Amino acid sequence: LRMVLTFFVLWLLTIPYLQVAGGLLLIPIAIHLIAPGDENPHVKSADNLWSAVKTIILADFLMSIDNILSVAGAANGDFLLVVFGLMVSIPIIVMGSQLIGKVLDKFPFLMYAGAAMISWTSGTMFLHDKALGPVILSAAGGWITWALPGFLAIFVCVVGYMLEKRKSRKYIGRFQFVQQVRSAPTRRATG
């Protein structure tokens, strides 16, 4: 499914302004890598086999979007590079997800590096867009080829850091409130 979807996305990225759209989609994905949102999915259990298969395919599609956009965007239209990227990334994701999770827990700065790479790819997608890329390059000059992706990488890391800290402060505040309520002396009604 991912291979077919990636080749479809690769073809779509040749359409003007769609690389810009793909680049824009990568920015919140990169931020979400650093500061995940509140995961509260409302998934109903399937009544039959066909319904379960549809749910699995939809979930795989939605979870593959970041991988597909990143590989297709980084390959810049090179078919062989896309095939190589998928052949490397899919086995890593499928077989090494637990190991990757443990490594990321131990070395959280790697999430920032991954988010920076995804947002760098986002910036290069803006510049490689058939319609907008030449306009940006002619207006800003050659320095923009590293400045725009670099700015997006820094921007995503800063925003992700701020969101992560805000979320941890909210969690600590809720935890302290619960501890205060539990440790507060209770009044018993006398009478």
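Among the contacts in the protein with a separation of 6 or more, 78% join residues 24 or more positions apart; a contact means heavy atoms within 4.5 Å. This is a predicted model, in which local features need pLDDT of at least 70, side-chain atom pairs count only at pLDDT 80 or more, and totals for chains, interfaces and linings use all residues. Residues are numbered from 1 along each chain as its sequence is written, and side-chain values use heavy atoms, with hydrogens and water left out.

**Overall make-up**

- The protein has seven helices and zero strands, where helices (H or I, at least four residues) and strands (E, at least two) are DSSP runs numbered from the N terminus.
- Read from the N terminus, the order of elements is α-α-α-α-α-α-α.
- Buried residues make up 28% of the 191 residues of the protein; buried means under 20% relative accessible area, exposed over 50%, and partly exposed in between, with a 1.4 Å probe and protein chains only.

**The nonpolar core**

- The largest nonpolar core holds 29 residues. Such a core is a set of buried Ala, Val, Leu, Ile, Met, Phe, Trp, Tyr and Cys residues joined through side-chain atoms within 4.5 Å.
- Val 9, Ile 27, Val 82, Phe 126, Leu 148 and Val 156 have the most contacts inside this core.
- Two or more core residues come from each of helix 1 (2-12), helix 2 (18-34), helix 3 (49-75), helix 4 (79-106), helix 5 (109-128) and helix 7 (144-183).
- Beyond its neighbours within four places in sequence, Phe 126 contacts Val 20, Gly 23, Leu 24, Ile 27, Leu 132, Gly 133, Ile 136, Leu 148 and Leu 152.
- In soluble globular proteins, nonpolar side chains tend to be buried together.

**Buried positions**

- Thr 121 belongs to helix 5 and counts as buried because its relative accessible area is 12%. Setting aside residues up to four places away in sequence, Thr 121 touches Leu 26, Ser 70, Gly 73 and Ala 74.
- Ala 35 sits in the loop between helix 2 and helix 3 and is buried, with a relative accessible area of 10%. Apart from neighbours within four places in sequence, Ala 35 is in contact with Gly 160, Leu 163, Glu 164 and Lys 167.
- Ala 35 and Lys 165 are 130 residues apart along the chain, and their C-alpha atoms are separated by 8.6 Å.
- Asp 129 lies in the loop between helix 5 and helix 6 (132-140). Asp 129 is buried but has no salt bridge, and Lys 130, the nearest side chain of opposite charge, is 8.4 Å away.
- Lys and Arg count as positive and Asp and Glu as negative, while His and the chain ends are not counted. A salt bridge is a side-chain nitrogen of Lys or Arg within 4 Å of a carboxyl oxygen of Asp or Glu.
- Not counting residues up to four places away in sequence, Asp 129 touches Ile 15, Pro 16, Tyr 17, Leu 18, Gln 19, Val 20 and Pro 134.

**Surface positions**

- Met 87, in helix 4, counts as exposed because its relative accessibility is 56%.
- Met 87 and Met 3 are 84 residues apart in sequence and 9.3 Å apart in space, C-alpha to C-alpha.
- Ile 100 is also found in helix 4 and is partly exposed, with a relative accessible area of 33%.
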